[in-house]
Amino acid sequence: MNKVKLVTIITESVLESRLAEDLGRLGARGYTLIDARGSGSRGMRSADWDQNQNIQIEVICNENVASAILDHCQKEYYSNFAMVVYITDVKVLRPEKF
Amino acid sequence: MIENLLDPTILFFLIGLFAGIVRAELRLPESIYEILSIYLLLAIGLKGGVQLSTTDLGVIIVPASGAILIGLIIPLIAYPILRRLGKFSKADAAAIAAHYGSVSAVTYAVVLIFLDKRGVRYEDYTTVLLVLLEIPAIAVGIFIARLRASKVAPSYSRLLSEVFFGRSIYLLLAGLLVGFVLGPQGIDSVRIVFFDLFKGVLAIFLLEMGLVASHRLNELRRVGAFLFFFGIGMPILSGALGTIVGWGVGLSVGGTTVLATLAGSASYIAAPAAMRIAVPDANPTLYLTASLGITFPFNLVVGIPIYYWMATTIH
């Protein structure tokens, strides 16, 4: 098993297409997207209508790409959008895939 | 007023609103809002297109210019009010102003039901006015925000596609085109789904909208008293402007009521999506609460009868 990073981004669904582009540009080879809801400093995001939906994006990548994604999100989106990004260690087979 | 309340669509809305306020265990499936809003926008467009197919297009030019004028003027009136009296930041004021200049398609559907029930005739091309009113105000709002030094520069290509090919405009135009091309006979095969079922679907949608609006009401404490009064005062002001313009361009009583309602309504589909991208430093809680939590319920229950009264008075 090989150690790589899992980057998880939880944010507003309005950013979906923009983030997908960003991730590709920053070197991510793929991602998984999940509809999400929850509550935080920007209030309840209950996904009951389309302006109020959250998404969770998961990216498995190497450490360099992971920190590039983190920096980019912080610079570009943290001030104006509801967003949480965190990085965890994961183990995978086929490290060349990521 | 009471007579206006006794309609299935309005009652369903109030039931949804009440369910949210008392925190009833009522939660419609997440995708229902999306499915129903797609249906409603297509159906509204289709109905307008069919009516348009039998209309002399030349008569539209003057009322259409009136509608665009309203869309441009309302944000310019709303912005200084929000800045001076409301003390909102430039970005917030511009974003809220854009919402009040733009329109709500569901409020439009409800005013048509209101007029149909009373047997009041209105012009066949009102759907065109709906589409025309949706865009200019959003453009003006973005322009004000840009001009007044919003720090964030958006991608313009993304913005254009969001404004012109955003879901609500695209579906309305699609319905309009299909209805226009096929005409009354051509759409016979889908008449049951899009015309006959319309009111029932609208009633379910308004139940959901009542729930959504009640959740916005919970945010009222955070947005302050000014926005509450703005959410009621601004539509009356815009409605009066719509009445004067409607009368001025020669619309009937029904048509004037529709234009006044359009002017008085605030967007909550197209404008929020565009503003989130174009003016991300504006706080969405402010414009969503004002537009959806205050103005939308106000218009459905009290506003439309007022606009009808204004239109009959001026004629």
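**Note on the predicted model: helix packing, sheet and selected residues**

1. H4(B) crosses H13(B) in the right-handed sense. This is a predicted model, and the points below describe it as such. The two helices, H4(B) and helix H13 (residues 225-248) of chain B, pack at an angle of about 150 degrees, and their axes are 10 Å apart. Angles over 145 degrees count as roughly antiparallel, and H4(B) and H13(B) are therefore roughly antiparallel to each other.

2. The contact between H4(B) and H13(B) draws on residues from both helices. On the H4(B) side the contacting residues are B:Gly66, B:Leu69, B:Ile70, B:Ile73, B:Ile74, B:Ala78, B:Leu82 and B:Leu85. On the H13(B) side they are B:Phe226, B:Phe230, B:Met234, B:Ser238, B:Leu241, B:Gly242, B:Val245 and B:Gly248.

3. Helix H3 (residues 31-53) and helix H11 (residues 198-217) of chain B pack at about 140 degrees, with axes 10 Å apart. H3(B) and H11(B) are therefore oblique to each other, and their crossing is left-handed. H3(B) contributes B:Ile32, B:Tyr33, B:Leu36, B:Ser37, B:Tyr39, B:Leu40 and B:Ala43 to the contact, while H11(B) contributes B:Phe198, B:Val201, B:Leu202, B:Ile204, B:Phe205 and B:Glu208.

4. The largest nonpolar core contains 126 residues, and B:Ala94 and B:Ile96 have the most contacts inside it. Leaving aside residues up to four places away in sequence, B:Ile96 touches B:Ala78, B:Leu82, B:Phe88, B:Leu286, B:Tyr287 and B:Ala290. Among these partners of B:Ile96, B:Ala78 and B:Leu82 also belong to the H4(B) residues that meet H13(B).

5. B:Lys87 deserves a check on its backbone. Phi of B:Lys87 is near 60 degrees, which is positive although the residue is not glycine. B:Lys87 sits in the loop between helix H4 (61-85) and helix H5 (90-101) of chain B. The residue is exposed because 11 other C-beta atoms lie within 10 Å.

6. B:Pro280 is in the loop between helix H15 (270-278) and helix H16 (284-314) of chain B. It counts as buried because it has 22 C-beta neighbours inside 10 Å. B:Pro280 and B:Ala91 are 189 residues apart in sequence, yet their C-alpha atoms are 8.4 Å apart. B:Phe164 lies in helix H8 (residues 156-164) of chain B and, with 14 other C-beta atoms within 10 Å, is partly exposed. Its C-alpha atom is separated by 7.6 Å from that of B:Ile135, 29 residues apart along the chain.

7. Chain A has two helices and six strands, arranged along the sequence as β-α-β-β-β-β-α-β. Of its 98 residues, 29% count as buried. Among the contacts in chain A with a separation of 6 or more, 74% are between residues 24 or more positions apart.

8. Four strands of chain A form an open sheet in the order E2-E5-E1-E6, with antiparallel pairing. E2 and strand E6 (83-92) of chain A are the edge strands, each pairing on one side only. From one strand to the next the twist averages 20 degrees.

9. Within this sheet, strand E1 (residues 2-12) and strand E5 (residues 54-61) of chain A pair in the antiparallel sense over eight bridges. A:Ile9 has A:Ile57 in E5(A) as its bridge partner, and A:Leu6 stands opposite A:Ile60 in E5(A). Strand E2 (residues 32-36) of chain A also pairs with E5(A) in the antiparallel sense, over five bridges. A:Leu33 stands opposite A:Ile57 in E5(A).

10. For A:Arg94, phi is near 50 degrees, a positive value in a residue other than glycine. A:Arg94 is in the segment after E6 of chain A. With 7 C-beta neighbours inside 10 Å, A:Arg94 counts as exposed.

Methods. Residues numbered from 1 in each chain as written. Chains lettered and ligands numbered in written order. Predicted model: local features only at pLDDT ≥ 70, side-chain atom pairs only at ≥ 80, totals over all residues. Pairing = 2+ DSSP bridges. Core = buried A, V, L, I, M, F, W, Y, C linked by C-beta atoms within 7 Å. Buried ≥ 20, exposed ≤ 12 C-beta atoms within 10 Å, placed from the backbone. Contact = placed C-beta atoms within 7 Å. Axes fitted to C-alpha atoms, helices over the stretch in contact; angles between N-to-C directions. Parallel < 35°, antiparallel > 145°, perpendicular 65-115°, else oblique. Left-handed = near helix turned anticlockwise from the far one by under 90°.
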